[in-house]
Every structure is written in structure tokens, then in C-alpha cells.
Protein chains: 2
Amino acid sequence: MYFSKSFIPILKNNPTEAKIKSHQLMLRVGMIKQSSAGIYSWLPLGFKVMKKIEQIVREEQDRVGVQEILMPTIQSSEIWKESGRYDDYGEEMLRIKDRQNREMLYGPTNEELITEIFRSSIKSYKSLPQLLYHIQWKFRDELRPRFGIMRCREFYMKDAYSFDLSDEDAFFSYNKFFLSYLKTFKRLNLSAIPMAADTGPIGGNLSHEFIILAETGENKIYTDKRIFDVDYTSTILENSSLEKLRRDYEKFYSVTDEKFNKAEFENKVPTEHRVNTKGIEVGHIFYFGDKYSKPMNASVDFNGKKEFVKMGSYGIGVSRLVGAIIEAKYNDKDEIMKWPISVSPYDCAIIPMISKNDSSNLEKSNKILDYLKSKNIDPIIDDTDENISAKIKKFNLIGIPYQLIIGKKTEGELFEFKEVGEQTQKLKIEEIASQINKAKSN
Amino acid sequence: MYFSKSFIPILKNNPTEAKIKSHQLMLRVGMIKQSSAGIYSWLPLGFKVMKKIEQIVREEQDRVGVQEILMPTIQSSEIWKESGRYDDYGEEMLRIKDRQNREMLYGPTNEELITEIFRSSIKSYKSLPQLLYHIQWKFRDELRPRFGIMRCREFYMKDAYSFDLSDEDAFFSYNKFFLSYLKTFKRLNLSAIPMAADTGPIGGNLSHEFIILAETGENKIYTDKRIFDVDYTSTILENSSLEKLRRDYEKFYSVTDEKFNKAEFENKVPTEHRVNTKGIEVGHIFYFGDKYSKPMNASVDFNGKKEFVKMGSYGIGVSRLVGAIIEAKYNDKDEIMKWPISVSPYDCAIIPMISKNDSSNLEKSNKILDYLKSKNIDPIIDDTDENISAKIKKFNLIGIPYQLIIGKKTEGELFEFKEVGEQTQKLKIEEIASQINKAKSN
């Protein structure tokens, strides 16, 4: 791809309306564009990152046996009246009247709709467990949308739902998601810690938020730094292994301010292990038993007896993660962003010095591009006539993790190559390709 | 995947509310479930087909150099007032007031929003052409939604937009999509013919509908059967080659009833070549010059002069194509569906005869599954205890194109294998895998 042909509208300066670094950076490098308050269009750079995150989330759901479906964005109010949440939900729910004057709404979450799908499809306990997810746009009519896509109105979310016969089975399902979330965030190069959380409007009595540390986070968190060393890599998809994992995490005090208790914190966490900082919620899982299945009459036949199914729900903010990764990885003082290679919009930026009457560096770039593509690497060439330092500054912001610079110092077979923010190396193209592919396979 | 574990709620009989075969079949084999009038959830079988169609559409857009973005579903009314379409659009537009009492709407199409994105991002003619697309949910508040996902309210669509400096450049862009659409539908195993069409509420003076023949189609069509023999396979992405392609098609009279003129039809088409039948619109492309760019002031600087950009738009109904393929491929008299392998939910159904005290056929099935997976084939095993003829009948409806039957007649290394609707063969597993993979690579 040529930079000049791609739709990447770069701003010269940080937009004044943006207050946090992810919002600033996403506007500045043309990842998103606001279309109205709290509603954004995703331009190619931002879209590519979001799609890669979505795909990782999808693969990790599939891996624990969750099946993908897709529910619509517009729902009928009727099922929300059945569950009793229609009036509770307040003004954050975008309510709509269609041309026939029917009460509709833009789904802020899908417990009701999935329960309706379940109850009309599954009749016997033999079909349990059922684990279903979808990745779909949601709408919450925030009073004051802010921080770009971090607290917006239309957002992209993965939400999953589990249906089981008993509490024990349901905890097994819950724990599958617990493990799956740890693996998902790890692939995004984020250290997300699970924290006991309030259940809010979703309801239930068991819930964990997955939080990444970031100074600009909206959640205050109190934790024990040993929680970062809990090892889940040997956990397998089996009941006792998963339970052990939950216990390993729950050994350490770790809560957001909603659940904070000073005495308990100081009692349970030795001074040297205390962490009191801020974080961003990137996932939230809930167990709420029959909260929806009972009022909505979602039951299965169990040896002639009617049993309301036990349900949980499991969310990951896919669009929010784009911003969360920036908050975690962007050094705004030096204006250097570095995307994890797993979600970077391109794998490598080829940055040639181009002068008006000499296209030799551009030709070299084209050859490099072809070679890298043959090695399954996705590069972008900056074919503009900006000077080389302006180009490098621009790509430091865009955050593609590798830069290959073709300038005056390029001699023979050796190219200037660097990981963003690191020292320049002089390497052969084969070495460059193998270094990038090594990073991609991690 | 085991059938018993997958979420495929099969109905015993055709649902009485469904009037056309795609609607009947999709409900019957649990591909979709209606959530409210004209609004559907996509269950795993339907979702898989739609995602595969989406991916083919995406690849063919990328191949002609269109860049993917994503615009939101909810738009502000302001840009529609700028273009003048806010009042024109009538009750099909789902109008919404948010909590601040702002006039919003659920986008039925995106000419306004993309023009707004373009005008705030692109300033110079040097950045032209720009070709952008997105695949997103749209809403049209049909008075009488019917025929399942063929004429529903919330639907999934690929819409692309082109921006050029001159009419000539814009025709070049238009023709790129023309070719791209022929290739897209071919990969879906559909014979779609381009027909001169009215432009309706989109506007402009050049437009083609892409129509597939189907008895249940809503469009009457009048065409010359020689149009099916036009060969586009040697056309390349170059102006004169693309123009020749358009001329090759336009040589033949081919219109929908909106444009039908009896005298012209009879004059231009010899009796033996006349085709007068029905069809389904699966794509529609438009050229409308400065219809939006002028009122919305989307211009570029061309050597100091302000030029309004020339625009076109290009739609493919992704969700509708699921139904259109069924209309084209389903034999409802014999109750036999056969998905094109490129979009089939699974590549092969493994159908063992299972009796209560004998699991040997299920064990054989598991081994076959592992082998086929190792050859990049995606099978599903029917592990239920239904009798074998009921299973085969069910899979004839589901429409996975290949069935591998493990019953009484299975001896030694030879398996009963058939393409749906064809004769059974006795083949070794290696031959079966290579036959399926040959079909997949076509």
C-alpha cells in the first residue's frame, strides 16, 4: 500500500477537543472521525486495528467452544417489559418508535433477546450447556459522551451468554470465560487483571471486571502486585483446573473503588505489595442464575421437571480496546506509539527519502515491499515527498512497530531498520523479514 | 463439530408464515429467527453463510483497490438536511430523537455521511481517486416487511463510494465496480446480469442493477439470452479494457420492468433470444456526478480552481444474498438444498448410523473428522440417534454439499460419499478429501 493512496487524514497538531491521549492520537493520525456526539466513523487505520482485535476475540471465544451468532441492533420493547428492565434502564436506552408506532429500542445489551432465542429453541437439558456469543454494535445514550471511543454512544462489543442446568455447571461455564479472557488480553499484549466487581444493571451475585492499568483510567483500583504473577498458562479446559485458576487469583485482594474497603486492603495486602492506581475496564463477566430465565420463562425439561436455566453473560469492549491499547502503549511526551504487532494496522513502514528528480529510493522500496509481502508481511510505503524526519515523526505517531528507512545512509545490502522507540540496526532484508515474522508468531 | 452440541434448532415442518422458499428453508433449518417484524437474529448456520459471503465481497472490493472503513449506524439529521434528502426520504427512514432531543436517524444508506467524511479530509485533486467501502447494518422501515431476510427492515449491506475529479475518471471507477461485481457473484456461483436501471432516491443518470434469475424474484426482467455468454474473464483493471466490457454487455437489450419498452425489446432481440422472466436484485451501482458534492460543498483544489468531486455509489445486499442463493439453488419439490461450497456452513456432513449399544460408527466418524480437518476441510458429525434416513433428509435441507454416510454398507476402506442430489460413490477417505478440496479451490 502507498501512503499517498490510502485514506489517512493526518492532523498537524493535537485536536484541542480531545482530553486523553487515545482520543488525541486517534483523531491526529486519522483513525476515526466524529460524526456526531459520541458517534464515530472508523477510517482505514482505525478500522484495521479494530478488525484485528475483533478477530483475536473471536478466535479465543471459538477456542473454548462458544458458538457465534448475530442478534440485530434494534429490539422490541416487549421482551424488556417481560424481564422488568424496560423502565429500570433509564435514559441511557435509546428508545425508538417505528412507523407503526411500535416501541423499539437500540440494544444496549442482549440478555433479554438471547433468553428469548434460547427459550424458543431449546427444550431439553440434554442440549445444555449452550454457550453463544455475538459481536455487534450497541448503543448507550450517555448524557456526556467523552474521551473519544472510550466513552461513546455507539460502540462495538462482544457479548456472550451461557445457559446451564445447575449452579455448578454454570460456574464451569463462567470459569471457561475467565480463562478465555486472560488469553485474549494476553494476545493483545495487555496485562489485564480480574477484579471482584459490582454487578450493576446486569444483576447477579458473582462478577469480575478485567482491568488494565493506565493513569488515565476511570476506575480507581486497589490490588496486590503479586496478582500479576499468577500463571494461567498450564490451566486446561477442565473443571478442577479452572477452579484452581479462579482461586489462585482470588487469593489476592483486588478491587475497584466500588468494592474498596481500606481496613481489608491494609489487612490483606502487605505494604510492599500494595498497588493503588487507576485502570480501564476492558471486560466484564457476570453470573446471575435465573434472574432473566425465571421472569421470561426460559426452562428445560429435566426428567419431567421444569428447571429454569442458569445464565451468565460475558462482555468485551472491542472498540474500546483500541483506545485502551493506546492508553497503555502510547508515550505522549515523546509522541511515540507502538502497536502490539498482533493488532498493528501494518506490520512495517517502509520510509524512503524521496527527492524530486530521483525515484531510485522509491524503486528500492517497491522491491522491498514485494519481498516482504512474499514473506506474509504487510508493509506500507510512505511515497510522499515530505522530508525524512517529518516522515519518521509521523510514523512514530501512527505506531506501526517496525520502520525500514531508505535514506542517504543506505549502502549495499544493509538497511536501516528499527523497532519504534529503539536503536537503529543495519540489517539485510532477509534478517528484517525474519525478525518481523518472529515477533508475529509470538 | 457435533450436531448435538451446535445451536441448530430444526423445525419439523415448513413454517406456515413463510411464503417463499428461502424464508421457509431458513426458518426450518434454524438459520435465522425473527425477533420482531422484519428484524432477524442469525443463528450459527445462517451466520456462517453470511460471514462467508461477506468475506468474498470484501476480498473482491480490496482487489480493485477499494479501502474499507466503517461508518456508524446512527446518523445526525443535519447532513441529510444539507443534501436535501431529509424530507424526501419519507417514512422508510427510521427517525430517532436522542435524550437531548436531537434529531437522529438509523442510516438507510450513506451518501451524505461519506461525503461529509470526504470533504473534511481531502483537499487536493492529487489525492483522487478515492474509493471507500464499508459493510454495515442499515435500516429501512418497510411498511410491510416480508419474505424473511429478502425484504426486511434491518439488513446487512456493502456500500462503496467513489470520488473523482472528472466524469471520465468517474466512469473508470464505475467500471471497476462493474467488473468487481461480476467476479463477486461468480464466486457465489450465481449468474448475475447487469441491467440498465432507474436511479430512484439515490439519483443520477447512470445505473445498473445486477440481477439473478429466480421465479420468486420481485423484478420482472426482459433480456437477451446471449448476455449470459459475455466473457469478462480476460478484462483487466485498465480503462479501455473495462470500457469494452461495459459495451459488450450493453450490446444486448436487458432491462427490468421499470425501463421496459415492448417495441424496443421486440426490435432489438430476435425471438429465439428473448427471455422474459423474473429476477432478484443482488447489487446496484449508481453514478450521480455532483448530486451530493455540490449541495454539501465537497470539492478539491485543482490548480487553484474549486472543483466539486464526481461521485458514484455501489451496493451489494450481503444478508439478502443468503436468501437469493437459496432462491436460486433450492429444489423445494424434492426438498434438496445445495450451497455453493464457497459459502456452505460446513464443507461436509459426516452421517453415521448410530444404535444405542454400538458406538463404533461414531468412533469411525471422529477419526474421519480428524483426517478431514488435517486437510483443511470443515466437517460436522451428526451424532444424534435419529435413524439414518431422517438424518439424510435433514442434511438434504441444510444443504452442505457433501455427505459421507457411515452405515451398514460401509466396508473396509470404502465409504459412501455423495454430492447432495447426486449418486452415491464408494471412495477411500483420501479420494473424498481430494474431491472436496478440488471443489473448494475452483
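The model is predicted; local features need pLDDT of at least 70, side-chain atom pairs count only at pLDDT 80 or more, and totals for chains, interfaces and linings use all residues. Residues are numbered from 1 along each chain as its sequence is written, while chains are lettered from A and ligands numbered from 1 in the order in which they are written.

Chain A contains twelve helices and 21 strands. Helices (H or I, at least four residues) and strands (E, at least two) are DSSP runs, numbered from the N terminus. The C-alpha trace of chain A spans about 85 × 60 × 40 Å along its principal axes. Its radius of gyration, 24 Å, is close to the 22 Å given by the globule rule for 442 residues, so chain A is as compact as a globular protein of that length. The radius is taken over C-alpha atoms, and the rule is 2.2 Å times the number of residues to the power 0.38. Of the 442 residues in chain A, 49% are buried. A residue is buried if 20 or more other C-beta atoms lie within 10 Å of its own, exposed if 12 or fewer, and partly exposed in between, with C-beta atoms placed from the backbone. Among contacts in chain A with a separation of 6 or more, 73% join residues 24 or more positions apart. Two residues are in contact if their C-beta atoms, placed from the backbone, lie within 7 Å.

The two chains meet through 38 residues of chain B and 38 residues of chain A. On the chain B side, the elements giving two or more residues are β1 (32-36), β2 (39-42), α2 (44-63), β3 (67-68), β4 (74-76), β5 (94-97), α5 (111-119) and β7 (130-139). By class, this side has 21 nonpolar, ten polar and seven charged residues. Ala, Val, Leu, Ile, Met, Phe, Trp, Tyr, Cys and Pro count as nonpolar, Asp, Glu, Lys and Arg as charged, and the others, Gly among them, as polar.

Within chain B, residues B:Lys21, B:Ser22, B:Leu25 and B:Met26 of α1 meet B:Gly323, B:Ile326 and B:Glu327 of α9. That contact has three nonpolar, two polar and two charged residues.

Most residues other than glycine have a negative phi, and most peptide bonds are trans. The bond joining A:Leu128 and A:Pro129 is cis, with omega about -5 degrees. A:Pro129 lies in the loop between α5 (111-119) and β7 (130-139) of chain A. In chain B, the peptide bond from B:Leu128 to B:Pro129 is also cis, with omega near -5 degrees.

A:Asn303 has a positive phi, near 50 degrees. This residue sits in the loop between β14 (299-302) and β15 (305-308) of chain A. A:Asn303 is exposed, with 6 other C-beta atoms within 10 Å. B:Phe147 also has a positive phi, of about 60 degrees. B:Phe147 occupies the loop between β7 and β8 (154-164) of chain B. With 19 other C-beta atoms within 10 Å, B:Phe147 is partly exposed.
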